[in-house]
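I opened a new page for this chain and looked up a few things one by one. My notes follow the order in which I checked them.

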Amino acid sequence: MSAFDANPFADPVDVNPFQDPSVTQLANANQGNLDEFNPFSDKSRQTNAAQTIPATQPAGASQPAVLQTSVEPTPQSVASAAQAGLLKQQEELERKAAELDRKERELQNSAASFDAKQNNWPPLPKFCPIKPCFYQDFSAEIPADYQHICKMMYYLWMFHSVTLLLNFLACLAAFTVRPAAGSNFGMSILWLILFTPCAFLCWYRPVYKAFRSDSSFSFFVFFFIFFCQIIAHIVQAVGIPDWGSR
């Protein structure tokens, strides 16, 4: 019942928390330490210096960037740099020109020392003042597939030349027996002198070149001239008087 007798409208008891004996004891102890501490004494400064930990710079930290002032080139420096570049280019061009001249001289020397194919036809002796006019080598110039045909054309030209020679001898024999057959003998000389080299130049050499280089124009020349010669031989075979054939 005593709790109900208390006046709820009375002033509360003023309780001071700092009057607690434990709080008072701690406050007095801290105040005594503060009175003895002098931050300006030598002992305190040495203690603070010993307790101070210097700040270290991180290993990956870089030095602060320093702004460098840009210097604009002068016209004289620009002109000298351009002149130096031109001189360098000129030296490079001169070096390349010298290299090209050296290579050209080497090519000329190699071409001069190159042993060209010596003409071997007709096979004349060395003491003869007339030298061979053509180079002919079936194994070296003609493909293997056409060597036999080309040799057969060469043998045909030789047979044609021998035939003209025999015709000349027959006309010579007829002329010795009958002097009136002098016109045949003269024409046989003309056929021998004219047809023998002309046949070699006009149809044998074109067919040789055609097989060597596979030239369609050379084949055309060969067929045309060879056809004309066949016509001439047919006329001679007819036996027209005074035509130079026996």
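**Cysteines.** I started with the rule: a disulfide is a pair of cysteine sulfur atoms within 2.5 Å. By that rule I get 0 disulfides. I looked at Cys-228, whose closest cysteine sulfur, in Cys-202, is 9.9 Å away, so that pair is too far apart for a bond. For exposure I use relative accessible area with a 1.4 Å probe and protein chains only: buried is under 20%, exposed is over 50%, and partly exposed is in between. Cys-228 comes out partly exposed, at 36%. Cys-150 is buried, at 0%.

**What I am looking at.** This is a predicted model, where local features need pLDDT of at least 70, side-chain atom pairs count only at pLDDT 80 or more, and totals for chains, interfaces and linings use all residues. Residues are numbered from 1 along each chain as its sequence is written, and side-chain values use heavy atoms, with hydrogens and water left out.

**Overall build.** I take helices (H or I, at least four residues) and strands (E, at least two) as DSSP runs, numbered from the N terminus. Of the 246 residues, 18% are buried. Contact means heavy atoms within 4.5 Å. Among contacts between residues at least 6 apart in sequence, 56% join residues at least 24 apart.

**Pockets.** Rolling a probe the size of a water molecule over the atoms shows where empty space is left. My pocket rule works on a 1 Å grid over the protein atoms alone: a pocket is an open set of points where a 1.4 Å probe fits, with protein on both sides within 12 Å along at least five of seven lines, and lining residues have an atom within 4 Å of a point. Points are joined across faces, edges and corners, and a volume is the space filled by probe spheres set on them.

How much space lies in the largest pocket? It holds about 300 Å³. There are 17 lining residues, and the closest to the centre are His-160, Thr-163, Leu-164, His-233 and Gln-236. Helix 6 (147-177) and helix 8 (216-238) each give two or more residues to that lining; helix 6 has the largest share, with 8. I sorted the lining by class (nonpolar: Ala, Val, Leu, Ile, Met, Phe, Trp, Tyr, Cys and Pro; charged: Asp, Glu, Lys and Arg; polar: the others, Gly among them). The count is 9 nonpolar, 7 polar and 1 charged.

The second largest pocket has about 160 Å³. Its lining includes Cys-198, Cys-202 and Cys-228, along with Phe-195 and Trp-203. Helix 7 (182-213) and helix 8 give two or more residues each, and helix 7 has the largest share, with 5. By class I get 8 nonpolar, 1 polar and no charged.

**Gln-147.** This residue lies in helix 6 and counts as buried, at 18%. Its side chain reaches the backbone oxygen of Phe-138 at 3.4 Å. Beyond its neighbours within four places in sequence, Gln-147 is in contact with Phe-138, Ser-139 and Ile-142.

Trp-121 and Pro-122 are joined by a cis peptide bond, with omega about 0°. Pro-122 sits in the loop between helix 4 (75-113) and helix 5 (138-141). Asp-214 has a positive phi, near 55°, and is not a glycine. Asp-214 is in the loop between helix 7 and helix 8 and counts as exposed, at 65%.

Definitions and conventions
A polar contact is a pair of N or O atoms within 3.5 Å; within protein, one must be able to donate a hydrogen and the other to accept it, and residues adjacent in sequence count only if both atoms are side-chain atoms.
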